[in-house]
Amino acid sequence: MRITKADQLKYKKNLKKAPDGDKLEDTVQSAVNDHLKRRWVTYLRFPDWFWSLMVKKFRNDETIFPSLSEAFAGWADNICFYPITEKYHLCVFIENKSKTGKWSGNKQRNMSDELNYQVPRSAEKGIKIVDDFVKDAKSIGLIIENHLVGERPILCSDGNYECKDCNYDVVNDDRYCPNCGTKVNWE
């Protein structure tokens, strides 16, 4: 999906209103969220007000604040999910930053390295990341669908069926071999 004239005008209008870096990050965040909704991508987002509320309400509570901070600190702005099969989803982590934005701490930097956060520094880059993510998820789904359709199990002389890959017994309602996970095709 390409960026429409309305998206460009909205982005430029927001840029004029926002001379400081925080507002620019909000503009990137808003553009990415809007685009995720347009592309029907399921995502988890911890809004900025959540962090402000957490700090404001629980900062002095020595039992609650450390556990909340440990559980939620470092996660990306958006954790996006797209189905690739009936059973599995592909996930991407998007951490929106302004051109001069920095990591909020060592935990976020380490999680970014470990989970390969995508870091758009403009609305256009954020929209491209979402589009590439959806395109890749659809491609992976097609590959899985076309190449992992399953094998018909082997009918043994005793009337039982065995997995073609590992010779483990499978029954009529098994969609996958319980031993090796190979897809079983009963058609």
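1. Two strands count as paired if DSSP finds at least two bridges between them. Please keep in mind that this is a predicted model. With that in hand, strand 2 and strand 3 (residues 89-94) run antiparallel and are joined by six bridges. A hairpin of five residues leads from strand 2 to strand 3, and Cys-80 stands opposite Val-92 in strand 3.

2. On to the other pairing. Strand 1 and strand 2 also run antiparallel, with four bridges joining them.

3. Is Gln-108 buried or exposed? Its relative accessibility is 4%, so Gln-108 counts as buried, the cut-off being under 20%. The side chain of Gln-108 makes a polar contact with the side chain of Glu-95, at 3.1 Å. Setting aside neighbours within four places in sequence, Gln-108 is in contact with Gly-74, Trp-75, Glu-95, Lys-97, Trp-103 and Tyr-117.

4. How are the buried residues of helix 5 arranged around its axis? They are Gln-108, Met-111 and Ser-112. Viewed down the axis, these buried residues of helix 5 fall within an arc of 105°, so they line one face of the helix. Just after the helix, Asn-116 takes a positive phi of about 55°.

5. Now for the charged pairs: the structure holds four salt bridges. One of them pairs Asp-131 with Arg-39, with 2.5 Å between the closest N and O atoms. Asp-131 belongs to helix 6 (residues 123-147) and Arg-39 to the loop between helix 2 (21-38) and strand 1 (42-45), so this pair ties together parts that are 92 residues apart in sequence. Both Asp-131 and Arg-39 are buried.

6. Another of the salt bridges is formed by Asp-77 and Arg-45, whose closest N and O atoms are 3.8 Å apart. This pair, too, links distant parts of the chain: Asp-77 sits in the loop between helix 4 (64-72) and strand 2 (78-83), while Arg-45 is in strand 1, 32 residues apart. Asp-77 is buried, as is Arg-45.

7. Glu-95 turns up again here, in a salt bridge with Lys-97 whose closest N and O atoms are 3.4 Å apart. Glu-95 and Lys-97 are both buried. Both residues are also among the contacts of Gln-108, and Glu-95 is the one whose side chain makes the polar contact with the side chain of Gln-108.

8. Ser-122 has its place in the loop between helix 5 and helix 6. With a relative accessibility of 8%, Ser-122 counts as buried. A polar atom of the Ser-122 side chain lies 3.2 Å from the backbone nitrogen of Lys-125.

Conventions
Residues numbered from 1 in each chain as written. Predicted model: local features only at pLDDT ≥ 70, side-chain atom pairs only at ≥ 80, totals over all residues. Heavy atoms only, no water. Buried < 20%, exposed > 50% of the residue type's maximum accessible area, 1.4 Å probe, protein only. Polar contact = N/O pair within 3.5 Å; in protein donor to acceptor, adjacent residues only side chain to side chain. Contact = heavy atoms within 4.5 Å. Helix = DSSP H or I, 4+ residues; strand = E, 2+ residues; numbered from the N terminus. Arc of directions from axis to C-beta. Salt bridge = Lys/Arg side-chain N within 4 Å of Asp/Glu carboxyl O.
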